[in-house]
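Here are my notes, as numbered points. Please read them with the structure open.

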Amino acid sequence: MIHILIIGEHSYIGTSYQKWMEQYPEHYQIDVVSSRNEAWKQIDFGKYDSVLHTAGIAHVEAKADMEQLYYNINRDLTIACCQKAKADGARQFTFLSSIIVYGESKSLEPMIITKDTKPMPNGFYGQSKLEAEEGILPLEDKDFKVAVVRPPMIYGKGSKGNYPRLAKMACTIPFFPGLKNKRSMLHIDNLCECLRLIMDKGEGGIFFPQNKEYVETGELVKQIAREHGKKMCIINMFNPFICILAKRIRLINKVFGTCIYDKTISDCFGGSYQVVDFKESIRRTEYKD
């Protein structure tokens, strides 16, 4: 029996992971604690084989007056929890970082991340995540493993961020620009299985999970529309205007830019964590309760 503590009681990833692990009641015992108060400080982390830290700030507008809050939670809280995990005698600490440590795309120029790409955040969300990594990775030793997970855009039933915005568009507009691009994405089930394997094997290091397939934004919107019985026409006539506007409007680069992990760095566990393909992932995300 592997004992796991999730820090982040109401986090999307923490809640999803807890539900995912219900498939294995005889192999894992899962406890959850909130990070919003000091209760976690009273828990003996030494009772756990692994501590999964999912608490953090994301999917809110990064206003300048929130900068210190980002560092307090994304960086300082992470480091404090990892230090406690090691001091108490836990065997492993797993931290949810983000692809954002490589920076957000500022143009439509392709961004291809390899094992040699150096992190270069261009905002305090990414910087706070990177500084958290830099604070916990040196704590690893032969008796205490530190795993850092840098997922791309995570989506799934109930997810937040850019995916639900695109899904809303897919259900309300009849056409979408056909600008060619590629995005690394990660369905929540694939992430949860990756996390299970990391903790099951007690490994440390930096992980770059992603779906097996790269995704084109136009195809994503079209597939979402199809799941709702709607027709989506992909047109190219607006592409030149989009390319011009991309130089001024940041959101366009996020939607239509190419940002991918090289697939060779995502082959952890032989790719066995990729349990859901693209089409099935959209079905699972869009199904009606």
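1. The side chains of S128 and N74 are joined by a polar contact of 3.2 Å. This is a predicted model, and the contact should be read as part of that prediction.

2. S128 sits in helix α3, residues 124-136. Its relative accessibility is 0%, and because the cut-off for buried is under 20%, S128 counts as buried. Apart from neighbours within four places in sequence, S128 is in contact with Y70, Y71, N74 and R75.

3. Which residues of helix α1 (residues 12-20) are buried? They are I13, G14, S16, Y17 and W20. These residues span an arc of only 165 degrees around the axis, so they lie on the same side of α1. An α-helix has 3.6 residues a turn, so residues three or four places apart point the same way.

4. The cover over the buried residues of α1 includes strands β1 (2-7), β3 (50-53), β4 (92-96) and β7 (153-155). Helix α5 (188-201) is also among the elements that cover them.

5. Overall, the protein has nine helices and 12 strands. Its radius of gyration is 19 Å, close to the 19 Å from the globule rule for 289 residues, so the protein is as compact as a globular protein of that length. Along the principal axes, the C-alpha atoms fill a box of roughly 60 × 40 × 35 Å.

6. Of the 289 residues, 49% are buried. Among contacts with a separation of 6 or more, 84% are between residues 24 or more positions apart. The protein exposes about 14600 Å², with 52% of it supplied by carbon and sulfur atoms.

Note on methods:
Residues are numbered from 1 along each chain as its sequence is written. This is a predicted model: local features need pLDDT of at least 70, side-chain atom pairs count only at pLDDT 80 or more; totals for chains, interfaces and linings use all residues. Side-chain values use heavy atoms; hydrogens and water are left out. Buried means under 20% relative accessible area, exposed over 50%, partly exposed in between (1.4 Å probe, protein chains only). Helices (H or I, at least four residues) and strands (E, at least two) are DSSP runs, numbered from the N terminus. The arc is that of the directions from the helix axis to the C-beta atoms. Contact means heavy atoms within 4.5 Å. A polar contact is a pair of N or O atoms within 3.5 Å; within protein, one must be able to donate a hydrogen and the other to accept it, and residues adjacent in sequence count only if both atoms are side-chain atoms. The radius of gyration is taken over C-alpha atoms; the globule rule is 2.2 Å times the number of residues to the power 0.38. Accessible areas come from the Shrake-Rupley method with a 1.4 Å probe; for residues, only the protein chains shown count as cover.
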